[in-house]
Amino acid sequence: MHLHRSAPDPAACPATVTPRLRASWRRSERYGISAEEMRPVFTGSVDTGSLLFECGTAVLRGLQATLANEPVSMMITDPEGLVLSRVCEDGTINRSLDRVHLAPGFYFAEENAGTNGLGLALADRAPSLVRAEEHFCAGLRGYTCAAAPVLDPVSGGVAGSVNLTTWSDSASELLLALAQSAAGNTTALMLARGAGRSAHPMPRGEVFRVYADRMRAPEASVLTPGWRSVFAEARSAFRNGRAVAVVGEPGTGKTALASLARRELRRERVLSVRPPAPDDVEAWLELWAPELGKDSTCVIISGVDRLPAWVISELAERLGEVRAVGGMQPYVLTAESAEAVPEELRRLVDTVVEVPALRFRPDDIQPLARHFARQQRRRDVDFTASAARTLNAYDWPENVRQLRQVVREAAGRADLIDLNHLPPEVFTGPGRPLTRLEAVERDEIIRCLTEPGTTVGEAARELGVSRATIYRKMAQYRITVPGRAPRA
């Protein structure tokens, strides 16, 4: 590979260059970044009204108080590397950073500025420290940058990053720890200020092995033609030896579809792997990657759009090797959309199968609900007409995964599921996040309205409010309970 004249040379510093840095330098070269001249893109404006900006800036201002006399510039960026906020009282370093455009309004992702701390943290979704000569562009080699991704507390995705930059000759031992702490505190503050939301569980990198002869036949016969068509599309692609990517929103059943379609081939075991936490990536990769070379195994690699950039490069190389052998492709990829599949992996995909969101498959809701209820109780479970209408009317933002959780919890309490067995979330429409007090009030109103035989007037008396008040609250919280009142 040809490197620009002043680009980092891995051979010149073999003891300090990590595989992540080497991969980042290669990506910078591929992006066409010049090591001599850095021109990050300027957008002209930033979103100062976002929850990330608000919480990240508050955290950095608190950190600034503890680093009052230190030449450290602290920044918040969005997930694309756009610098949203810069907090620093040291005029010298601020003027220096202005000269290299490391300032609000400029993009500093790898594709804009080559290897740098915040760009590497966003690409690999992991805390990153880039010192002096480790930067791809010569203009940044006077600095040391430590950055950590900020995770969205609800989705678990990367919301942005915290970046701390100091002079390259300054002590940097604690810089990365401070960046990680600030990123964690930003996530926590986003959760607290985004009241009424629940935290998304962090990735654990599960690896499941499923043997085809132990899997029950797919229940496609009880689902809609839309589901059967995507199932048939996936099965046909597998039978023709094609590499498949199954895409769709989280919780739509992408892995289940791939597993069941592969089962139809009746000669393979299926290994399903999910992205791990950043610190566990290397061990996770080594755990399952050797299975790719086994003729009888298909590996479903879930969430490839959430993998660190260096892992994507490593994975593309390994998949390319098994693809070169020919025959039936021993892997399936999943992602949220075809566009989200990283380019290096997209070249190794022959067929994309899209699983529709549950809100576009309303006829699936009742068959799925009965299936999940039967799994929970190990016998058939009925739903009242009101409960069925409520399930059908809800838009299921977390798709099949959410429906399964709701139904299993309800089926664990009754053989006939009625309104009072369903959680408050399914009676409410989309709206702003609620404070804890508002959520308690909403849930209490729903509890009263869903008691069997209860009228709005009786619910109002139990709550000690007027009918007008309860109707107003129902409109405020976008509550719909069949047979009680229309949504305002």
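Asp98 is partly exposed, with 40% relative accessible area. Its side chain meets that of Arg86 in a salt bridge, 2.9 Å from N to O. The model is predicted, and a search of the whole structure finds 20 salt bridges. Side chains of opposite charge can pair when their charged atoms come close.

**Salt bridges between separate parts of the chain**

- Arg379 and Asp415 form another salt bridge, with 3.0 Å between the closest N and O atoms.
- This pair links distant parts of the chain, 36 residues apart: Arg379 is in the loop between helix 12 (365-377) and strand 12 (382-383), and Asp415 is in the loop between helix 14 (399-411) and strand 13 (416-417).
- Arg379 is partly exposed at 41% relative accessibility, and Asp415 is partly exposed at 38%.

- The side chains of Arg447 and Glu444 meet in a salt bridge of 2.6 Å, N to O.
- Both residues lie in helix 15 (residues 436-449), 3 residues apart, which is about one turn of the helix.
- Arg447 is partly exposed, with a relative accessible area of 35%, and Glu444 is partly exposed, with 32%.

**Burial of helix 8**

- Helix 8 (residues 254-263) is mostly covered, with 8 of its 10 residues buried.
- The buried residues of helix 8 include Lys254, Arg262 and Arg263, and also Leu257, Ala258, Ser259, Leu260 and Ala261.

Notes. Residues are numbered from 1 along each chain as its sequence is written. This is a predicted model: local features need pLDDT of at least 70, side-chain atom pairs count only at pLDDT 80 or more; totals for chains, interfaces and linings use all residues. Side-chain values use heavy atoms; hydrogens and water are left out. Buried means under 20% relative accessible area, exposed over 50%, partly exposed in between (1.4 Å probe, protein chains only). Helices (H or I, at least four residues) and strands (E, at least two) are DSSP runs, numbered from the N terminus. A salt bridge is a side-chain nitrogen of Lys or Arg within 4 Å of a carboxyl oxygen of Asp or Glu.
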